[in-house]
Amino acid sequence: IAQAAPTPETVLICGESGTGKELVAWAIHAASNRANGPFVGLNCPVLSAQLMESELFGHCRGAFTGAESDRTGRFELAGGGTILLDEVTEIDLGLQAKLLRVLQDRTFERVGSSHTMALDVRVLATTNCDLRARIADGGFREDLYYRLAVLPLIVPPLRDRREDIPELVTHFLRRAAGRLGKDPCSLDRGADDLLLGYHWPGNVRELENIITRASVLNTGGPIGTAEMRPWLIDAEGGPQDDAADGM
């Protein structure tokens, strides 16, 4: 992150859901020479192809049914700053071709307009998919991949960086306490060991949820193993039980 941030290059942030890819994007923007400019995100999976094009590039009045006024797109809103294309693999193939041209030429047009506008935006993108597999099955353009993956960053899953768990637990305990207006809770040694040994399928997001739940339900005293174990999922997808202690 420290090496990528000061550069103007496009960054592709890869990792499982819940690993903190959006936070990595924020960190890159905050440490870049565009930190004083806007940071504009777009959650790609939630939009249809037509709406996605309008969201990205904007549109002119009358460009399509329902376009009753001009609209400024995310690229334009991010001028002088950074745009984050969250889960970029969900963009329709036809729109991928237009996005490729934008990245190549650094220009774009609003939907329904022939006026070409210059692009002054740094592009960051995230994905939780195996992009090579998506390219192989025809779901993602290989040429767009190479445009996005100038600087690829891999965010490891929490199970591969267990040494971060104690610091994250402390952070989430303090955050939950601040929201709840009380002193941070504590975990006993058994609960600490349980969290360190867990495989975290939901990654950091799951850890935050567990710590928040424990903070809300705690009625005093350290949070113990018996309280926390029912909230964790075993390797087969079911809730952990006491039998796990003997394994």
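Predicted model: local features only at pLDDT ≥ 70, side-chain atom pairs only at ≥ 80, totals over all residues.

Me: Start with strand 6. How many of its residues are buried?

Reply: 6 of the 6 residues of strand 6 (residues 122-127) are buried, so the strand is largely enclosed by the rest of the structure. Buried means under 20% relative accessible area, exposed over 50%, and partly exposed in between, with a 1.4 Å probe and protein chains only. Strands (E, at least two residues) and helices (H or I, at least four) are DSSP runs, numbered from the N terminus.

Me: Which residues point which way?

Reply: R122, L124 and T126 point one way from strand 6, and V123, A125 and T127 point the other way.

Me: What does strand 1 do with strand 6?

Reply: Strand 1 (residues 11-14) runs parallel to strand 6, joined by 4 bridges. L12 is opposite A125 there. Strand 3 (residues 82-86) also pairs with strand 6 in the parallel sense, over 4 bridges, and T82 has R122 as its bridge partner. Pairing requires that DSSP finds at least two bridges between two strands.

Me: New topic. How many aromatic pairs are there?

Reply: The structure holds 6 aromatic pairs. Rings of Phe, Tyr and Trp (its six-membered ring) pair if their centres lie within 6.5 Å; planes under 30 degrees apart count as stacked, over 60 as edge-to-face and the rest as tilted.

Me: What is the geometry of F57 and F75?

Reply: Their ring centres are 5.6 Å apart and their planes are at 5°, so the pair is stacked. F57 lies in helix 2 (residues 49-57) and F75 in helix 3 (residues 74-77), so the pair ties together parts that are 18 residues apart in sequence. F57 and F75 are both buried.

Me: And F75 with F108, what are the numbers?

Reply: The centres of F75 and F108 are 6.4 Å apart with planes at 35°, so this pair is tilted. F108 lies in strand 4 (residues 107-108) and F75 in helix 3, so the pair ties together parts that are 33 residues apart in sequence. F57, F75 and F108 form one aromatic cluster.

Me: Where is E87, and is it buried or exposed?

Reply: E87 lies in the loop between strand 3 and helix 4 (93-105). E87 is buried, with a relative accessible area of 11%.

Me: What about E68, buried or exposed?

Reply: E68 is exposed, with a relative accessible area of 67%. The loop between helix 2 and helix 3 holds E68. E68 and L93 are 25 residues apart in sequence and 27 Å apart in space, C-alpha to C-alpha.

Me: Last one: which helix gives the most to the lining of the largest pocket?

Reply: Helix 7 gives the most, with 5 residues. A pocket is an open set of points on a 1 Å grid over the protein atoms alone, where a 1.4 Å probe fits, with protein on both sides within 12 Å along at least five of seven lines; lining residues have an atom within 4 Å of a point. The largest pocket is lined by 21 residues, with T19, G20, L23, R161 and V204 nearest its centre.

Technical notes:
Residues numbered from 1 in each chain as written. Heavy atoms only, no water.
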